Amino acid sequence: MTKPSLFNRLSILFGLAFFYLPIVVLVIYSFNGSKLVTVWGGFSTQWYAAVLNNPSIIEGAKVSFLVAAVSATAATVLGILAAIVMVRLRRFRGRALLNGMLLAPMVMPEVVMAVSMLLMFVTLGIDRGPLTITLAHTTFTLCFATVVLQSRLVELDPSLEEAARDLGCPPAKAFVHVALPNMIPAIVSAWLLSFTLSLDDLVISSFTTGPGASTLPMKIYSQIKFGVTPEINAISTIILGIVVLGLVAAQLLSRRTEQRAGAAA
Amino acid sequence: MQSYISIENLAKSYGVVHAVNNINLGIEKGEFFSLLGPSGCGKSTLLRMIAGFETPTSGVIRLEGTDVTDVPAHRRPTNMMFQSYALFPHLTVGKNIAFGLQQDGLDKIEIKKRIDDVAEKLQLTALLDRKPAQLSGGQRQRVALARALVKRPKVLLLDEPLGALDKNLRTETQLELVRLQRELGLTFIIVTHDQHEAMTVSTRIAIMKQGQVLQVGSPANVYEAPHSRYVAKFLGETNVFAGGRAERNGDTLQIDSNEAGGQVRATFTDRVALDAPFWVSVRPERVALATSGTGLEGTVEQLTYTGVERHYRVRLNSGAILDARRVNLGAESDLGVGDRVFASWPPQASRLLAE
Amino acid sequence: MSAELISSARMGDRWGKRLLIGIPYAWLLVLFLAPFALVAAISLSTVRLGMPPFEPLTAWDGSILNLRLNFENFLYVLTDDTYLLAYLTSLKVAAISTAVMLLIAYPLAYGIASCAPSSRSLLVFLVIVPFWSSMLIRVYSWMSILRNDGLLNALLLKLGLISEPLRILNTETAIYIGIVYTYLPFMVLPIYSNLVSADRTLIEAARDLGCSRISAFWRVTFPLSWPGVAAGCALVFIPVVGEFVIPDLLGGADTQMIGRAIWLEFFNNRDWPMAAAVTIVLLALLVVPIVFFQSRPPRAGA
């Protein structure tokens, strides 16, 4: 395709503006000294102070980050296994079912998954709390992680692993030594994606949580229901900042890991 | 006495597709054995089963008498040179070659010795510290070869190893491979779709089609004495005519061929039943064309000059096509397009085929 | 090589493979598939106080096992006007949002795909970044913008385009804005990834055979991009039907969607069997689109 036309350029411009407008508004107003949206009360960091001094928010943040980290790790590990199975094993009984189960959560409405997982926890007699939230989050982020990992694994030349096996490496070791190092950016992406999805989740957390365990989105949601407070702008900006930093760090990290893997003998 | 490598009733199917269908082969020690056939004939599948990457659906593979059918790839004393070379991109040439020896648990001194040894043989000594991305295609191929050879496998398997090389390099490398194989005294099995390659390097060739082995023999054997029209046409070029009534005249057979529009002669043989349908095959290089005399009558339809030879495409009076070839000895051709010619060949040049 | 070593090697291989397949399989069976059966079961139960807040389906009466299946919830859901309206509204909102998103996403994806490869990655990155930030928070920020005393109205009033604040928040329009905003990347990325990997030579062939630029687009590019479009629609339509947060925060009482209905049954009414029944009916409605789109697996491409 040749140079983008004016139509194309405008489409991109409007599209991106649409995406970023609310975020920009949010960030600006988190520094607004006044409570009202229409009045600029001078630059102020009071809302940030309020957030950081709010024990409920801090507690919610701790729960959210812990659950997100654990579920992201679990989802990534399971995703690697699932990707190996779907890409490298040619045919086995129940392959279609596994494929369906791996993809369906991506399109399933959250409330449906939330209700069903809750009922499973109740039936199994598992006490609801951070554990059940983590299990639920792992399950619903697994499909996203698998898609990312699977598309990377498909690109890898299977003859590299075969060569390793041919030269004496048992299959598992061959995978770990040959394929895994070449998958690191994908693994990082999958982990970050799962982490973000978990961190942000409201519906599934609300259904599968137990007494006393509230995630950050749940706290933010209840604050919103009570009335719009500018503290929320501050929390949002903080989270946004963390996520952007995380993304940038991940990019740098994966690039350096690639270099190091290349240099390592 | 059992063969060095014995393949017995081997079959591999994927669902309803029979990739390899009941193959029996015996390969001897020190052979340079080719599996030759078009794509989809099952030759790669067969090679991969010997390497251990595919599990046969049925049948047995024996190496020096031992049943290795259930032995996984990483434990078989075979090594493979992959079509894409499969060099580990993050390791240097030296480390690539060392990889297999490390898996065997050899000590460092021994490893270094073997690497230096094989590097010298394959002229890789200067490249040991480079990464695969910095090498040319030919160099990469030698590294792949070195990596496999350094483990001193009982059998070296080569999967279409020369496909990525340009023509001149290919010919060079073919001869290199033969020299190396003889020098090291190893057994090579090579998979190729290129019949020139198979003819150049092999001690014996197995011609495969649709999962089955059609014929096995030395290059001369399969070229001069094919068992079927398929094999005859697959290796080189040939003219094939349906044979009709045959009359024996001492050691010669006079065969009527409507297709050829006349009589052709062949040496008498009882290998082919003459009262059943049969065909006569003659190679273009054995066909002599003359402007007068006896033989099948026709007209030169096309004349192609390839430098080494002249190819004459003759339209026989019967309507069939006859291809003839003459080596270019420097003189101008005495025949041109549109000339009437008589085509003939000695009886020994005819090959009778039952299928 | 002893026979035992060989067969144990193969056996180890086999068990390793079984474990490899088994772990993700078991996880998904227990936490994804089997739960649906539970939802179906409990939808046939009756509500009660206590934990769990529903009656068991089976009860022993001496040596007789009684199976009590209560279809009342289903009867109610399928005949009650409010619920039927909620289902229809959900489907309607999903359909219209999907269509609107397609109209916005396609030119955007096409525009990005037309750029040079270096700028492309940056643009795709820019499209993805908002997605990484909290959806809840972005929806909330739209609340600030769309309120009667919010940014949009303030701007329009100041510019003199309107004399009274427009009532956008808590209406259906706000829901559409919120949904389009939130789900747009899911529509853009599959279409983009399809367009970017399209075979340029096909377009060149079409031009060579006499097609104008626009004609080449409609006759070659667009039909070929159909899998990307279908994937995008699948990734958007189905989840939106059951969406909760956006209708809850941006919509008003005049728009009832099914995700909210399930939430309310669960948390406000504490009627789990009813919530389960509503969920089952929702699933039944979505089975057709889900199965239809499973045959072409959607790719998030994130």
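**View 1. Interface between chain A and chain C.** In this predicted model, 84 residues of chain A are in contact with 88 residues of chain C. The two chains bury about 8,100 Å² between them, 82% of it on carbon and sulfur atoms. Five residue pairs across this interface are in polar contact, both residues being at pLDDT 80 or more. On the side of chain A that touches chain C, helix α1 (residues 6–30) supplies the largest share, 14 residues. By class, that side has 64 nonpolar, 17 polar and three charged residues.

**View 2. Salt bridge between chains A and C.** One salt bridge is counted between chain A and chain C. Its partners are the side chains of Lys225(A) and Asp248(C), at 3.0 Å from N to O.

**View 3. Salt bridges of Arg325(B).** Arg325(B) forms a salt bridge with Glu237(B), with the closest N and O atoms 2.9 Å apart. Arg325(B) lies in strand β19 (residues 321–327) and Glu237(B) in the loop between α8 (229–234) and β11 (239–243), 88 residues apart. Glu237(B) is partly exposed, with a relative accessible area of 40%. Arg325(B) also forms a salt bridge with Glu309(B), the closest N and O atoms being 3.2 Å apart. Glu309(B) belongs to strand β18 (residues 309–316), 16 residues from Arg325(B). Both Arg325(B) and Glu309(B) are buried.

**View 4. Salt bridge between Asp256(B) and Arg245(B).** The closest N and O atoms of this pair are 3.5 Å apart. Asp256(B) is partly exposed at 26% relative accessibility, whereas Arg245(B) is exposed at 54%.

How values were computed
Residues numbered from 1 in each chain as written. Chains lettered and ligands numbered in written order. Predicted model: local features only at pLDDT ≥ 70, side-chain atom pairs only at ≥ 80, totals over all residues. Heavy atoms only, no water. Contact = heavy atoms within 4.5 Å. Buried area = accessible area lost by both parts, 1.4 Å probe. Salt bridge = Lys/Arg side-chain N within 4 Å of Asp/Glu carboxyl O. Polar contact = N/O pair within 3.5 Å; in protein donor to acceptor, adjacent residues only side chain to side chain. Helix = DSSP H or I, 4+ residues; strand = E, 2+ residues; numbered from the N terminus. Nonpolar A, V, L, I, M, F, W, Y, C, P; charged D, E, K, R; others polar. Buried < 20%, exposed > 50% of the residue type's maximum accessible area, 1.4 Å probe, protein only.
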